[in-house]
Amino acid sequence: MKFAYYPGCSLHSSALEYDISLRNMLWKLGVELVEIEDWICCGSMAVKSLSRLTAVSLPAKNLALTFQNGYTDLVTPCSACYFNLKKAGYEIHNNPELRSKVEDIIESPLSQEVNVIHPLQLLYERIDHNLILDKIVKSDFTVKVACYYGCLITRPPELNTFDVSEYPESMDELLKLSGFETVPWSYKTDCCGSSFGIIEPEIVLNLLYKIFKEAKDFEADVIAVACPLCYANLDGRQAEVSHKFEMEFNIPILYFSQLMGIALGVPESGIGLWKPMVDPAKLFA
Amino acid sequence: MNRISITRAEKEPSFLQIVNDMSGEKVQLCYQCVKCSAGCPLVAAMDFNPNQIMKMIQLGMKMEVLSSSSLWLCASCETCSVRCPNELNIPGVMLSLREIALKEGYEIKEKNIEAFHKAFLSMLRNDGRISEFYELASYKMKTAQFFKDLGLGIKMLRKGRLSLKHNRIENTEDLNKIFENLSSES
């Protein structure tokens, strides 16, 4: 199975391990991601602050490119990209006036709807779970995982139909299938504040503290994420949170695709465990 | 959280209409159940709670709303829009307020947030994609915050978590057209 792939800017730089582990684990399941050429930045959390029309036009261009490349399904792993692409498609489809305006701006037709799919949705809905079970080569883990979905994968409900907004389970189920234990914590979808990670770190440290504290209370060994912005924030700022709140956390952050990759027998070089700020080595000792 | 006296306010009902038209929402649907503010992760940092902002829009308190820090501190996390019993998309309203505040030349309370977003858009305009390291550097230059997070930055560079590679698209013709068309739209 081939899917069009929109990696987004982070997966080409700070989140290389998400890109690598995702491609490799999906390959094991017979799925190939084909990157669309000349995709442009979706505008992330910044452009929508400045101009709504620009914030719709940039993702719309990528939707048009996807269709021009012969695809109607587009897989995108970053929460911000996923949200922006999906929201732009939704707005264009429900507002003919906006659609014709955006078509003039990007100089491409937007007649065909493109399904924007998060990898969790791809694995949860489009791939036979018996196939995943068949392909698993290692499942004797003693690692407890806190699945952290962050804010934009499951919200709002009109955009995201594959899981529940307030207490999602898709990542939990996929990781349980892969031999991990997951914890029933209540901070799965609480915002980590990563869009203010650089600008207002003090606010962000308070948000992160609540997330780490709850994961620690549930004795989680690792927090699994599905977004490069969450990863950068939870991994990069964890030492500062420990310092500020005088509490040692030392909870490694991994992408769900890294954990599933290990279970599916992707070699270590194909998972990208080489760069985190919080060392995950103790997990697999 | 600030307490406000709503009786002293200048009423500008047309402001409500402007916000509704721009956001595609109907702000008068808000009946002050306060669920948005109860779940908002950023509420402690805001000068007015999201439910107060909705009320102030209804009352036409344009100046107070557009000079508020709240519109800039909304993280667009969508917690409120999931919980709003009237399906009001509050983050969408906040984004429209930012756009109106910028257009009308209001003094922006959260200048760093605005500066970060502008640095981002300017890199996107030039390269089509974002190179995280250079985007951060450009923001730091614009806001003269060279030492904040320097230690973390160095650690991340050493670990290779921040790449010095420039991300750019090869063919910028389409990108240029989009931005030219956008500027003739506005």
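Ring pairs, in which the ring centres of Phe, Tyr or Trp (its six-membered ring) lie within 6.5 Å, link Y18(A), Y231(A), Y255(A) and F256(A) into a cluster. This is a predicted model, in which local features need pLDDT of at least 70 and side-chain atom pairs count only at pLDDT 80 or more, while totals for chains, interfaces and linings use all residues. Residues are numbered from 1 along each chain as its sequence is written, chains are lettered from A and ligands numbered from 1 in the order in which they are written, and side-chain values use heavy atoms, with hydrogens and water left out.

**Aromatic pairs**

- Over all chains, the structure holds ten aromatic pairs.
- Y209(A) and F245(A) are stacked (planes under 30 degrees apart), because their ring centres are 4.0 Å apart and their planes meet at 10°.
- This pair links distant parts of chain A, 36 residues apart, with Y209(A) in helix α9 (residues 201–217) and F245(A) in helix α11 (residues 238–245); helices are DSSP runs of H or I with at least four residues, strands are runs of E with at least two, and both are numbered from the N terminus.

**Burial**

- F212(A) and F249(A) are both buried, that is, under 20% relative accessible area with a 1.4 Å probe and protein chains only.

**Charges over rings**

- K188(A) lies over the face of Y167(A), 3.7 Å from the ring centre, the criterion being NZ of Lys or CZ of Arg within 6 Å of the ring centre and within 35 degrees of the ring normal.
- The charged end of R129(B) sits over the ring of W39(A), at 3.6 Å from its centre.

Conventions:
Rings of Phe, Tyr and Trp (its six-membered ring) pair if their centres lie within 6.5 Å; planes under 30 degrees apart count as stacked, over 60 as edge-to-face and the rest as tilted. Buried means under 20% relative accessible area, exposed over 50%, partly exposed in between (1.4 Å probe, protein chains only).
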